[in-house]
Amino acid sequence: MNNVEQTLSIIKPDAVERNLIDQIKSIFVKNDLRIKDNKKISISKEEAAEFYKVHQSKPFYNDLCNYLSSGPIVVMILEGKDAISKNRKIMGATDPKDADEDTIRKLYGISIDKNSVHGSDSLENAKKEINFFFNN
Ligand code: CMP
């Protein structure tokens, strides 16, 4: 099938804490993104730092790593046609205040840090990020 891709999605601590896992998963499924695998985990600050290494020069890096390791998260492999770009569209802009109506970040995001979800931004990063959490 053409353009069937896999991407990594994370439901971040703010959304897990507010019991939004099922609502967020149902948005992916409604949009024809199959949840191929998923698990609820907690990661250390060191693991978060490794995951977000691409942002290591950014001023928000330390806070970002503290935040992702502050509570349970759900990591998922989403699969479907154009999954990477589709997931990014469904998530909405990084900052919830700039996100389009009906996107996950507009519906549930609290701030640019507590923006409820993460999604891979390219095919290359999707492969790396899936491998980071699922080793397959
Ligand atoms: P995410 O898609 O997980 O990728 C990196 C995260 O850094 C981003 O979502 C935001 O939650 C967070 N972040 C904090 N400040 C900024 C910023 N100024 N620009 C981009 N991302 C930021």
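Student: Is N87 buried or exposed?

Tutor: Start with the cut-off: a residue is called buried when its relative accessible area is under 20%. In this predicted model, N87 has 0% relative accessibility, so N87 counts as buried.

Student: Where is N87 placed, and which residues does N87 touch?

Tutor: N87 sits in helix α5. Setting aside residues up to four places away in sequence, N87 touches T7, L8, S9, F28, L33, L78 and G119.

Student: How does N62 count by its relative accessibility?

Tutor: Values between the buried and exposed limits are called partly exposed. N62 has 42% relative accessibility, so N62 counts as partly exposed. The place of N62 is in helix α4. The C-alpha atoms of N62 and G119 are separated by 19 Å, and these two residues are 57 residues apart along the chain.

Student: Is S70 buried or exposed?

Tutor: The label exposed needs a relative accessible area over 50%. S70 has 51%, and therefore S70 is exposed.

Student: Where does S70 lie, and what lies 2.6 Å from a polar atom of its side chain?

Tutor: S70 is in the loop between α4 (61-68) and β3 (73-81). A polar atom of the S70 side chain lies 2.6 Å from the backbone oxygen of Y67.

Student: How many residues are in the largest nonpolar core, and which have the most contacts inside it?

Tutor: A core of this kind is built from buried nonpolar residues joined through their side chains. Here the largest one has 18 residues, and I11, I24, F28 and I104 have the most contacts inside it.

Student: Which elements each supply at least two residues of this core?

Tutor: They are α1 (13-17), α2 (21-30), β3, α5 (83-91) and α6 (104-108). Helix α2 gives the most to this core, with 4 residues.

Student: Which residues is I24 in contact with?

Tutor: Leaving aside neighbours within four places in sequence, I24 is in contact with I11, A15, I104, Y108 and V117. There is also a second, separate core of 17 residues, which includes Y52, L64, C65 and F134.

Student: How is empty space found in a structure?

Tutor: A probe the size of a water molecule is rolled over the atoms, and this shows where empty space is left. In this model, the largest pocket holds about 470 Å³ of space.

Student: How many residues line the largest pocket, and which are the closest to its centre?

Tutor: The largest pocket is lined by 21 residues, and the closest to its centre are Y52, H55, T94, R105 and H118. The elements α5, β4 (117-119) and α7 (123-134) give two or more residues to this lining. By class, the lining has 8 nonpolar, 7 polar and 6 charged residues.

Student: What volume does the second largest pocket have, and which residues line it?

Tutor: The volume of the second largest pocket is about 220 Å³. Its lining is made up of E50, F51, K53, V54, N125, K128, E129 and F132. Two or more residues of this lining come from each of α3 (45-51) and α7. Helix α7 gives the largest share, 4 residues.

Student: How do the residues of that lining divide by class?

Tutor: In the second largest pocket, the lining has 3 nonpolar, 1 polar and 4 charged residues.

Note on methods
Residues are numbered from 1 along each chain as its sequence is written. This is a predicted model: local features need pLDDT of at least 70, side-chain atom pairs count only at pLDDT 80 or more; totals for chains, interfaces and linings use all residues. Side-chain values use heavy atoms; hydrogens and water are left out. Buried means under 20% relative accessible area, exposed over 50%, partly exposed in between (1.4 Å probe, protein chains only). A polar contact is a pair of N or O atoms within 3.5 Å; within protein, one must be able to donate a hydrogen and the other to accept it, and residues adjacent in sequence count only if both atoms are side-chain atoms. A nonpolar core is a set of buried Ala, Val, Leu, Ile, Met, Phe, Trp, Tyr and Cys residues joined through side-chain atoms within 4.5 Å. Contact means heavy atoms within 4.5 Å. On a 1 Å grid over the protein atoms alone, a cavity is a set of points where a 1.4 Å probe fits but cannot get out, and a pocket is an open set with protein on both sides within 12 Å along at least five of seven lines; lining residues have an atom within 4 Å of a point. Grid points are joined across faces, edges and corners, and a volume is the space filled by probe spheres set on the points. Ala, Val, Leu, Ile, Met, Phe, Trp, Tyr, Cys and Pro count as nonpolar, Asp, Glu, Lys and Arg as charged, and the others, Gly among them, as polar.
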